[in-house]
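I opened the notebook to record what I looked up in this structure, entry by entry.

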Amino acid sequence: MARIEIDEARCKGCGRCVVHCPKGLIEFSTELNERGYRYVIYEGDVEACTGCTMCAVVCPDQGVEVWNHRDKQTFVNTSGLTERMTHYCPGCTHGVIHRITAEVLEELGLLGRTVGIAPVGCSVLAYEYFNIDMFEAAHGRAPAVATGAKRARPECIVFTYQGDGDLASIGGNEILHAANRGEKITVIFINNAIYGMTGGQMAPTTLPGQRTTTSPLGRDVEDTGHPLRVAELLATLATPAYIARGSAHDAKHSITVKKMIKRAFEHQRDGTCFSFVEILSTCPTNWGLSPAESEQWVADEMIPYFPLGVLKEPAAQPAATPQEAQP
Ligand SMILES: Cc1ncc(C[n+]2csc(CCOP(=O)(O)OP(=O)(O)O)c2C)c(N)n1
């Protein structure tokens with residue numbers, strides 16, 4: 001029998017695992033945990049658990065581990081993150097993207113030589129959560145700090161982790177020129193269509209008609225222009241090696257995001273220029289939606305405007321023919 005273990009103390013009661021368990025084996029407790037959250041419990045016909053790991057994949061709080069029917073642990077919390085609880089709101093997918101990024105660095109054996117650059121925004125404290133060396137940059141300036149770090153220490157793997165206010169608004173100039181110069185850095189860009197940390201103001205990525213605290217009647221594109229598709233913009237430049245957009249709103253798409261982030265870091269490890277992954281992310285608090293409704297909103301509203309996929313990656317070199325391969 002496969003099984004999972006839920007760390008009740010880490011649970012913020014977002015209920016993502018409740019929604020995503022295909023067998024309906026997870027439910028809310030009637031009790032609150034020490035931090036006041038209605039945590040989840042693994043109940044019911046647990047014999048039915050297949051060990052699919054979907055609960056752990058969608059958990060933003062590293063609160064679930066999984067064992068298969070041979071009692072082999074198949075989902076282990078990554079050593080690329082510290083054990084510190086994040087300050088993110090319940091159901092926010094910043095935590096999922098932190099975990100995926102850390103897992104990739106661990107799997108590629110890069111944790112010991114990676115330097116991250118934290119932004120200003122909800123992820124301002126990312127340096128508390130990643131188990132690597134990190135800098136804190138001024139708002140929007142992470143690509144400049146990353147440029148300095150990478151040029152000074154080219155043997156290091158350097159990445160920025162930035163929100164859409166940070167990267168696309170105040171830092172729009174920074175990212176454009178870092179990409180155009182072909183800096184050998186990796187950028188993880190979190191698009192939640194809003195300024196999260198400061199209270200839900202309109203961002204350059206806010207959708208047409210979307211209500212925010214600074215567009216209470218909905219974004220008027222006649223007045224404020226259309227949302228920026230940053231990945232598409234950067235993909236027009238000659239130098240970037242890899243540009244992709246994924247989404248962390250459900251388990252299947254999060255698995256694809258992991259492949260994209262892995263590819264992006266492989267490009268940097270192998271010395272090619274500038275790699276960039278944009279990830280659509282939820283903001284239940286500022287969207288005024290439940291975590292489950294937020295996932296649906298990403299699927300219904302964001303993905304049609306921000307299509308997913310790899311936008312730029314040089315075609316693989318064709319294998320040498322036997323004649324060419326001869327000395
Ligand atoms: C120079 C400067 N201007 C403005 C701010 C205020 N500020 C802090 S975070 C933020 C926006 C953050 O939004 P985003 O980058 O989308 O990240 P999120 O919080 O949504 O993850 C702003 C405008 C600041 N800290 N510094």
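In which loop is Thr53 found? I found Thr53 in the loop between β3 (40-42) and α2, where helices (H or I, at least four residues) and strands (E, at least two) are DSSP runs, numbered from the N terminus. I note that this is a predicted model, in which local features need pLDDT of at least 70 and side-chain atom pairs count only at pLDDT 80 or more, while totals for chains, interfaces and linings use all residues. Residues are numbered from 1 along each chain as its sequence is written.

**Entry: positive phi**

I looked up the backbone of Thr53 and read a phi near 75°, a positive value in a residue other than glycine. Thr53 counts as partly exposed because it has 18 C-beta neighbours inside 10 Å; a residue is buried if 20 or more other C-beta atoms lie within 10 Å of its own, exposed if 12 or fewer, and partly exposed in between, with C-beta atoms placed from the backbone. Ala193 likewise has a positive phi, near 60°, and I located Ala193 in the loop between β9 (186-191) and α8. Ala193 is buried, because 28 other C-beta atoms lie within 10 Å.

**Entry: Arg229**

I placed Arg229 in the loop between α8 (221-224) and α9 (230-235), and with 19 C-beta neighbours inside 10 Å, Arg229 counts as partly exposed.

**Entry: helix α12**

Helix α12 (residues 291-305) has 15 residues and reaches 21 Å from its first C-alpha to its last, close to the 21 Å expected at 1.5 Å a residue, the expected span being 1.5 Å times one less than the number of residues. I also noted a kink of about 35° centred on Val298, the bend at a residue being the angle between axes fitted to the seven residues ending there and the seven starting there. Among the buried residues of α12 are Trp297 and Val298.

**Entry: the two domains**

The domain assignment, automatic or from a database, gives domain 1 (3-75) and domain 2 (94-312). I read 28 Å between their C-alpha centres, and 11 residues of domain 1 are in contact with nine residues of domain 2, contact meaning C-beta atoms, placed from the backbone, within 7 Å. On the side of domain 1 that touches domain 2, α1 and α2 (54-58) each supply at least two residues.

Notes. Contact = placed C-beta atoms within 7 Å.
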